[in-house]
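Subject: Structure for your review

Dear colleague,

Please find below the structure that I am handing over to you. My findings follow directly after it.

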Amino acid sequence: MNYSCVESFVKLNSRKIIKYSAILTVLLAIYLAPVGDYMISGLKYLPGYYHDLDTTRTSRQRAVVQIIESRGFQSETHYITTGDGYILTVHRIVNPYLKDRSSLRPVLLQHGFQSSDKGWLITSAGKLNINGEYSETTHILKTVLLQHGFQSSDKGWLITSAGKLNINGEYSEVGREGKVGNTLPFVLATQGYDVWLANMRGNVYSLNHTVYTSKDTEFWKFSIDEMIDYDLPALIQHILTTTHKTLSPVSFLGHATTPLQFLTYFEGLYRSYPTSLLHMGKVQEVYAQLCENYFMQTICQRIFYAIMGFGEQHFDYSRVGSYLSTIPAGSGTWAGTHLLQKMIAKRPVKFNLGTEENIRRYGQSVPPEYDLSVINSTNIA
């Protein structure tokens, strides 16, 4: 089978074929979900079969631990109860080759909406070796021309540092081992950081509460405001208490876009029904493994794009199954509504509950903005 011909055909007809095929793939996954286990076991016999272990770690609740340990690291799982009773799951990455952890700087990595801490870990496959060096493998190969400047030559590109390519195809330089990689938590864990991975209330790893269950409507009555007021302070305080150190400086990622912005038209509808949002269970497992097949990867890339938005040049098609088994990771409709409200307002506003409830909660008919002037830290990159 000539795979390149299939790929060329898909690209030439991408707009219509990929759009409707992506919709069909999701509908097919929903239809097959009740017999998902039997269907999945038969995928290996189809042409174009490919499977990434990160897509189907044996237990969803253990998936993050299994990924961390598969890369050669150790992990700790911490359960943190917030002031309003939500129980958050946090994972800590431990580099077993660092015997003295006293100098490590704690850092908390915070996921975005409809994601989880697992999203930080699946960018690329990699491994920590016995020398404490972390390296990654990738299936993305690109052609690049490096052009020297005036009074230089191509040799100028080659003499910056001394290095060596080993028998595993990994290149490292003296004094710079493991400093480059796509998977931020593992890179940080080899470069002097004590890495903590957060899971906010409502995602697949933080569905517990001291009073409610995730089947109760009251459980889902939270917005981004509660994550700010309760989740982050609880996470930070736990890390400070455990490590007896201050956290590393804050980094901010802006200008992120997603095609899901069109959902702003339905903001009022989502606000009216506090419930679970995009906890897909077996459906997600089925379509993630369907999408690993070579012939499905380009089609399923469009599903991922519809959820996240990204630059195609950064997308590793061989890991599409891992991406789709991780995102969406679930949240609540109020949290999603609040995100849409911020998009509409183009300002950091608090959750709009409607005029009557706004007056009761905020003392005014419209939600106030967050006062960013009170942020006086200079440790923001």
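D194 has a relative accessible area of 4% and therefore counts as buried, since the cut-off for that class is under 20%. Please bear in mind that the model is predicted.

The side chain of D194 forms a salt bridge with that of R92, at 2.6 Å from N to O. This pair links distant parts of the chain, as D194 belongs to strand β8 (residues 193–197) and R92 to strand β2 (residues 86–94), 102 residues apart. R92 is buried as well, at 12% relative accessibility.

D194 also meets R101 in a salt bridge, here at 3.3 Å, N to O. R101 lies in the loop between β2 and β3 and D194 in strand β8, so this pair ties together parts that are 93 residues apart in sequence. With a relative accessible area of 27%, R101 is partly exposed. E76, R92, R101 and D194 are linked in a network of salt bridges. In general, side chains of opposite charge can pair when their charged atoms come close.

The count of salt bridges comes to 9. Another one joins the side chains of E357 and R360, at 2.4 Å from N to O. Both residues lie in helix α12 (residues 355–362), 3 residues apart, which is about one turn of the helix. E357 is partly exposed at 25% relative accessibility, whereas R360 is exposed, with a relative accessible area of 60%.

Lastly, T337 is part of helix α11 (residues 333–345) and is buried, at 0% relative accessibility. Beyond its neighbours within four places in sequence, T337 contacts E267, Y270, R271 and F351.

Yours sincerely,
A colleague

Note on methods: Residues are numbered from 1 along each chain as its sequence is written. This is a predicted model: local features need pLDDT of at least 70, side-chain atom pairs count only at pLDDT 80 or more; totals for chains, interfaces and linings use all residues. Side-chain values use heavy atoms; hydrogens and water are left out. Helices (H or I, at least four residues) and strands (E, at least two) are DSSP runs, numbered from the N terminus. Buried means under 20% relative accessible area, exposed over 50%, partly exposed in between (1.4 Å probe, protein chains only). Contact means heavy atoms within 4.5 Å. A salt bridge is a side-chain nitrogen of Lys or Arg within 4 Å of a carboxyl oxygen of Asp or Glu.
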